[in-house]
Amino acid sequence: MGDPTTEAIRAAWAALGGDPAAASAVRPAGPDGVLPARLPVTGLAVSCVAAAGLAALELARERGAATDGPLTVDSRAVAVSFTSERHLRVDGRAFSGFAPLSRYWPAADGWVRTHANYPHHRRRLLAALDLDPDRPDDEALVAAVGERIAARPAAEVEQRVTAADGLAVAARSPEQWDAHPQAAAVAAEPLVRLRADAPAAARPAPPAPPGLPADGVRVLDLTRVIAGPVATRFLALLGADVLRVDSPGLPELEPQHLDTDAGKRSALLDLTREGDRARFAALVADADVVVTGYRPGALDRWGLGPEALRRHRPDLVVARLSAWGGSGPWAGRRGFDSLVQAATGIAEVERQPDGTPGVLPAQALDHGAGYLLAAAVLRALARRGNDGGAWTAELSLARTARWLRHDLPAGSAPAGAPPDPDPWCAERDAPAGRLRYALPPLTLPGGRRTWATPPTRWGGDPAAWPAR
């Protein structure tokens, strides 16, 4: 791989505040263009994974583990990992990535992108379009949704669905997005915000075995849908004890859980119940890291903002990921990678020959932001061991999209073909059946080739930390 990839790795590491000299430890391998696109998607993917690897090596050194040898990042392994949902099989069965109502629709003056994978989002979309939410997902319903959207301007559909707490955006050109107030707010934010929020005594982590830089670190995972779960899955690969906690009222989609929750445990807590709130507070008090993947303010009513969390654990590392950024008129909106691609002009840049909006060859904003978030957590743990403090990391999909569109160097090689996935996949038995899955995109010197455990049953583990 060429110099643009090396530049991208340095840029990602610099965004995390890392020592520029440390980036020389990365050895990029594999061809360019394995995630073919007009935008430098391969460079984004490789650089985000490399940054996470560098942060893992830094924490390993802080904890006294051996880190000899270069960090090899193969673009083929990265490409397969970034498209992991396409390679997932359970007893030979594949899964569809999007529900029938999650797609681009022609509007009266452009295009609209909807997201209706989860039942509650589907209901809100249909209600906003004055359609019966109990109708089955058949061709007649798809046609009815298409007719309702085609009769309205794209911006009106966006407003109606958003007002109903659904998920839809008008597909914008790069110029239209760059003139939007939310784009200005996103541009003012750093790619990665990593800061010490409050003074606290340095608390060195216990020594780690070779190759397991996060061994013994307790991570409370309050995330959903790719980016956050990818971050915590990488921390689990490094030895962290990751406990994902969900509400029993919001079941996870089976393929999403199987794809992104390897190496973790999964528990359910209902924070409307006093007993579950007390159990949650006990989990936070004994955690090292809390990772959240909801829009700013969405968790505040449950006492899950950084200040409230730190009343239980003063030196907690809090990592927060959002769709649209931490400020601006859209900061409080829900969002997913597909919607951010549509709104920020990426769909226009990647437009298809027939004029329909295009998509990136992977949900690269999600995966890339996930690895940057993991890197920020690892850097925070290393710096907390030296300097103390309560650390906060913040990223957004929209800021990652800006980085892709505006800042990353273009690749020097023509777009290639996606790699053969077989060398970068594995099989194992899991509670759900015989699982075929994408392997992690890199292996640290002396580290694991795969996760210690397959995905457990969703919600099937106790909401408690095991004894250290």
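## Overall Architecture

Helices (H or I, at least four residues) and strands (E, at least two) are taken here as DSSP runs and numbered from the N terminus. On this basis the protein has 17 helices and 15 strands. Its radius of gyration, taken over C-alpha atoms, is 21 Å, close to the 23 Å that the globule rule gives for 468 residues, so the protein is as compact as a globular protein of that length. The globule rule is 2.2 Å times the number of residues to the power 0.38. Along the principal axes, the C-alpha trace spans about 65 × 55 × 45 Å.

The structure is a predicted model, in which local features need pLDDT of at least 70 and side-chain atom pairs count only at pLDDT 80 or more, while totals for chains, interfaces and linings use all residues. Residues are numbered from 1 along each chain as its sequence is written, and side-chain values use heavy atoms, with hydrogens and water left out.

Two strands are said to pair if DSSP finds at least two bridges between them. An open sheet of 7 strands has the order β7-β13-β12-β11-β8-β9-β10, with mixed pairing. Its edge strands, β7 (193–198) and β10 (265–268), each pair on one side only. Neighbouring strands of the sheet are turned by 20 degrees against each other on average, direction ignored; axes are lines fitted to C-alpha atoms, for helices over the stretch in contact, and angles run from 0 to 180 degrees between N-to-C directions.

Within this sheet, β12 (residues 317–322) and β13 (residues 390–396) run parallel and are joined by 5 bridges. One of the bridge pairs sets L321 against L395 in β13. Helix α17 (residues 397–407) packs on the sheet and touches β12 and β13, its direction making about 60 degrees with that of β13. Contact here means heavy atoms within 4.5 Å. Helix α10 (residues 227–237) lies across β8 (218–222), β9 (241–246), β11 (289–292) and β12, and runs at about 155 degrees to β9.

A hairpin joins β4 to β5 through 4 residues. Strands β4 (residues 104–106) and β5 (residues 111–114) run antiparallel, with 3 bridges between them; Y104 has R113 in β5 as its bridge partner. Strand β5 is also joined by 3 bridges to β6 (residues 168–170), again in antiparallel fashion, and V112 stands opposite A170 in β6.

## Cavities and Pockets

On a 1 Å grid over the protein atoms alone, a cavity is a set of points where a 1.4 Å probe fits but cannot get out, whereas a pocket is an open set with protein on both sides within 12 Å along at least five of seven lines; lining residues have an atom within 4 Å of a point. Grid points are joined across faces, edges and corners, and a volume is the space filled by probe spheres set on the points. There are 3 cavities of 30 Å³ or more.

The largest cavity holds about 100 Å³ of space. Its lining comprises 14 residues, of which L258, D259, Y437, A438 and W451 lie nearest the centre. Elements giving two or more residues to this lining are α11 (254–260) and β15 (433–438), and β15 provides the largest share, 3 residues.

The second largest pocket has a volume of about 530 Å³. It is lined by 27 residues, and E85, G97, F98, N117 and Q363 are the closest to its centre. At least two lining residues come from each of α4 (84–87), α11 and α14 (337–343).
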